[in-house]
Amino acid sequence: MSEPDALLPEIERICRAAGDLAIAEREQLRTELKPDGSIVTNADRVVEDYVRSQLSKLCPNDAVWGEESEFEPAKDGRLWVLDPVDGTSNFTFGQPLWGVSLALIVDNKLSLGCIHLPDFDKCYLGAAGQGATVNGTPMEPIPPGDILRHELVGYGDCSLPFRHKLPGKVRHIGSFVVEAAQFVDRELRAVITNGVRLYDAAAGVLLARELGAEIKELDGKDWDESEWMKPERCRSFGFFPPNSNFPFGPF
């Protein structure tokens, strides 16, 4: 079996092709509502089926857990987590703020990840211990220091009760992978989210870690992917600059 980082070119190819497929499916878009009231489209399902088929050829013995399928536990310590269209509502209503997210977890640790934002033609790749790139260009580390009042903070759920305590100016994008990409692009100074699952978060977490970010729950505890290899939603957590003014106080 290849070392995980050797898979990065194939992962980029798969995610870029998945984005093209989603765009093609948008021309004949069909939508349904899930039991929780969220939207699912033909693109979500077609993209997930495509990525699964590609991973079955690339790593036939690995488990795959995607948003549009049942939870699947790791097999021989390996689990791919996939969100085929993160930001489905944005996608459905013609906004560009959506993306494809794919990550590999090996022995309970994030090993590699990819976020592809098709409408922006941006593909982010990272491997544990080897940094991160966007469209093949190495990315710069996240600058350390406090989150200032004028800086932008991605804010994943406007019902969170502590919003008035946040530093910075709040922005709500409607797609966690887009917010994660904006964070590693240094367009957002921090990202705080509530209620995502591992397949939403994994690729973004790996990329942010590779650029030196601190991934923390809101009580200051380090976020640990091994806790969330299950269907439950993650506790609230965020991406923060190194040595910032987080935590912001009791909530």
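Analyst: **A strand pair and its sheet**

E13 and strand E14 (residues 237-240) run antiparallel to each other, joined by four bridges; strands pair if DSSP finds at least two bridges between them. Do keep in mind that this is a predicted model, where local features need pLDDT of at least 70, side-chain atom pairs need 80 or more, and totals for chains, interfaces and linings use all residues. Numbering starts from 1 along each chain as its sequence is written, and side-chain values use heavy atoms, without hydrogens or water.

Within this pair, Ile215 has Phe239 of E14 as its bridge partner.

Stepping back, the open sheet has five strands, ordered E11-E10-E12-E14-E13, with mixed pairing. At its edges stand E11 (169-171) and E13 (214-217); each has a single partner strand, so one side of each lacks a neighbour in the sheet. On average, neighbouring strands here are turned by 20° against each other, direction ignored.

Helix H5 (residues 198-210) packs on this sheet and touches both E13 and E14 (heavy atoms within 4.5 Å). The direction of H5 makes about 30° with that of E14, using lines fitted to C-alpha atoms, for helices over the stretch in contact, and angles from 0 to 180 degrees between N-to-C directions.

Just after H4, you'll find Arg186 with a positive phi of about 65°. Helices (H or I, at least four residues) and strands (E, at least two) are DSSP runs, numbered from the N terminus.
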